[in-house]
Amino acid sequence: MAQKEKIRKDIRDFITKSFLTGDENENLSDSDSFMKEGIIDSTGVLELVSFLEKQYGFAVKDDEMTPGNLDSIDNLVIFISGKLG
Amino acid sequence: MTVFQLLSKSVEMFPDRTAVTHDGRHTDFSQLYSAACHLSDRLGRLSLPEGSPVGLLYENSLEYVISFFAILRAGLVAVPLDTSLDLDSLRFVLSDCDARVLLVDSRFRRILPGIVAGNSPVERIFSDKKIGSGRDDLEVEAVINTEEESLPDMDSLPLGDTEDDEEKLAAIFYTSGSTGTPKGVMLSHRNLVSNTLATIEYLKLTRDDSVIVILPFYYIYGNSLLLTHVGCGGRLVIDNRFLYPEAILDTMESENVTGFSGVPSNFMILLGKSTFAKRELPALRYFTQAGGAMAPEIVRQLMDAFPEKEIYIMYGQTEAAPRVTWLPPEMLKEKLGSIGIAVPGVTVLVADDKGNELPTGKVGEIVVDGPNVMMGYWNHADEEREVLRNGRLFTGDLAKKDEDGYIYVVGRRKEIIKTGGNRVSVKEVEECILESNGILEVAVFGVDDPVLGEAIKAVIVNKKGCSADTVEITDFCRSRLAAHKVPKIIEFAQSLPKTKSGKLDKKKLKDQCR
């Protein structure tokens, strides 16, 4: 559980630093869709993937770049936890 | 024919065929037509002067399509708004065109108060849901309702009852151009309809065609997808999830789309960052590519991945509604790097500053003459005089024609770097770097240099798993280009900024690099 919470914090910190202002961070819930909320564009997804690969040391395969894996903080926590085993 | 008649003619011929698919929902032509007429009647009751601009702020959706046609049927002018614009720019556009009415997606409820605050010209707002405007004196009316039971009876609606006046202003599309300040391109019904029919002709579109729409409708290329497919009785399959390419590819398969239209970055991302090249896509008949030059290397990769599909390379400008040239797919291998020949009904010259056609092989400016040439720029008479001369459009793009009449773009007039007394085409350097192994994208531009005047800078994105470095790129360029064309400064980035339509945002990149 501690690992998941650390991952959650890491992701939120990255999203906030890269794409949001302080106010927007307070309004972003863990289940909000980045796509629907207009937080990330196609360029931003590449930055996110690059961050995941550097931070956690795994490769994100092309067919893993899906909304189910990447489109919210909750989805990312599950995806990353699964990759780390 | 007016733009609305593209819809009314199709509904007469194909009332039950699906016009729009979005989020698993299918809407046929008669439903689309009914909803557009319903909204149009509501707009008509406002008694606005004919030709009044109406702002349209919607993500790609059924509601956008309904709204666009409703505005035109009511004799008003559609002003599609770039949904990625900041608040100040949105306010600027609405003030610039003096839009008294705004049709807005309920998704933009958070920014709507900012858009209409203060001295905004907007007096009436319509949306698909009841949302707040932030002003006590400005209520939002929820009028766009596509629930079947609320639609007017199809049989009671007169068909083709719009006034047939092709020369009137139909829409204003704002572009930012090189200065960054949006200016409105005025397009008449004739501009849009003639170009739509020409495009349907050379793409051989029929009612059996369906296109996956990833390009925004407020972008002239996206608008072309809208009008061509409504005009031929085909289907628009809207999917706004291009930031996850696998989702788009899944939709293409499940909906059996016959066409994919993209700008260069869309193809680069699909080829470099997705399972695109491994997919069969059996229903897909063709690709179209416009929105900037796509490097021959990328075209080759696309041809290798899908040897049996037709690939249409195209060129155009918002000011030309937009299509100017197309490259017939059967000529792609022989004329790789060319933007092709004039679209039906349009004349394209390579000309000198005075507009006189130049001989084969000589570099000059692309000049367009035809029913697609814009009416002018809204409120920008000076710039209009620069580009519209005797009804012909001077595009600002430099090119040459070969002996068969095929046109090759050399670069933008404004995208020449003057370095150490030499003039260097940005396009040439970018295409060279892309030929190097492992490069996903590159942007080249000039930066101030105390000795050279301008130095050439390249910002490069490596493909996943590749790690080209400065030395490698420099050596590669030296082996292909004259010494003065080799970039002096090379940097690497995780990604390059894009506009919402997917085009490289060089202005933003240059600002970031300062």
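Reader: What share of the contacts in chain B with a separation of 6 or more comes from residues 24 or more positions apart?
Author: The model is predicted, and its chain B holds 14 helices and 27 strands. Among contacts in chain B with a separation of 6 or more, the share from residues 24 or more positions apart is 65%.

Reader: What radius of gyration does chain B have, and how does that sit with a compact globule?
Author: The C-alpha trace of chain B spans about 70 × 50 × 45 Å along its principal axes. Buried residues account for 49% of the 514 residues. For a compact globule of 514 residues the radius of gyration would be near 24 Å, so the value for chain B agrees: 23 Å.

Reader: Which element gives the largest share of the largest nonpolar core?
Author: That core has 177 residues, and those with the most contacts inside it are A36(B), V54(B), L56(B), I66(B), I71(B), A78(B) and I172(B). Nine residues of the core, its largest share, come from residues 62-73 of chain B, which form helix 3.

Reader: Which residues are in contact with I172(B), leaving aside neighbours within four places in sequence?
Author: I172(B) is among the residues with the most contacts inside the largest nonpolar core. With neighbours within four places left aside, the contacts of I172(B) are P53(B), V77(B), V79(B), C97(B), G184(B), V185(B), M186(B) and W378(B).

Reader: Against which elements do the buried residues of helix 4 of chain B pack?
Author: Helix 4 covers residues 87-96 of chain B, and its buried residues are L90(B), R91(B), V93(B), L94(B) and D96(B). The elements they pack against are strand 3 (53-57), strand 5 (101-104), helix 5 (112-116), strand 8 (169-175), strand 9 (183-188) and strand 19 (376-378) of chain B.

Reader: Is D98(B) buried or partly exposed?
Author: D98(B) belongs to the loop between helix 4 and strand 5 of chain B. Its phi is near 55 degrees, a positive value in a residue other than glycine. Burial would need 20 or more other C-beta atoms within 10 Å. D98(B) has 13 such neighbours, so it counts as partly exposed.

Reader: How many other C-beta atoms lie within 10 Å of L281(B)?
Author: L281(B) also has a positive phi in a residue other than glycine, near 45 degrees. The loop that holds L281(B) runs between helix 9 and strand 13 of chain B. L281(B) is partly exposed because the count of other C-beta atoms within 10 Å is 17.

Reader: Which two residues does the cis peptide bond join?
Author: The loop between strand 14 (310-316) and strand 15 (323-327) of chain B contains P322(B). With omega at about -10 degrees, the cis bond joins A321(B) and P322(B).

Reader: Which are the edge strands of the open sheet of nine strands?
Author: The sheet has mixed pairing and the order 2-1-11-10-12-13-14-15-16 in chain B. Within it, strand 12 (residues 259-262) and strand 13 (residues 286-289) pair in the parallel sense over four bridges, with G262(B) opposite Q289(B). The strands that pair on one side only are the edge strands, strand 2 (25-28) and strand 16 (341-342) of chain B.

Reader: Which residue is the bridge partner of F445(B)?
Author: Strand 25 (residues 439-449) and strand 26 (residues 453-462) of chain B pair in the antiparallel sense over ten bridges. A hairpin of three residues joins strand 25 to strand 26 of chain B. In strand 26, the bridge partner of F445(B) is K457(B).

Reader: Which element gives the largest share of the side of chain A that touches chain B?
Author: The contact between the chains involves 14 residues of chain A and 17 residues of chain B. By class, the chain A side has six nonpolar, four polar and four charged residues. Six residues, the largest share of that side, come from residues 42-56 of chain A, namely helix 3.

Terms used
Residues are numbered from 1 along each chain as its sequence is written. Chains are lettered from A and ligands numbered from 1 in the order in which they are written. This is a predicted model: local features need pLDDT of at least 70, side-chain atom pairs count only at pLDDT 80 or more; totals for chains, interfaces and linings use all residues. Two strands pair if DSSP finds at least two bridges between them. Helices (H or I, at least four residues) and strands (E, at least two) are DSSP runs, numbered from the N terminus. Two residues are in contact if their C-beta atoms, placed from the backbone, lie within 7 Å. Ala, Val, Leu, Ile, Met, Phe, Trp, Tyr, Cys and Pro count as nonpolar, Asp, Glu, Lys and Arg as charged, and the others, Gly among them, as polar. A nonpolar core is a set of buried Ala, Val, Leu, Ile, Met, Phe, Trp, Tyr and Cys residues joined through C-beta atoms within 7 Å. A residue is buried if 20 or more other C-beta atoms lie within 10 Å of its own, exposed if 12 or fewer, and partly exposed in between; C-beta atoms are placed from the backbone. The radius of gyration is taken over C-alpha atoms; the globule rule is 2.2 Å times the number of residues to the power 0.38.
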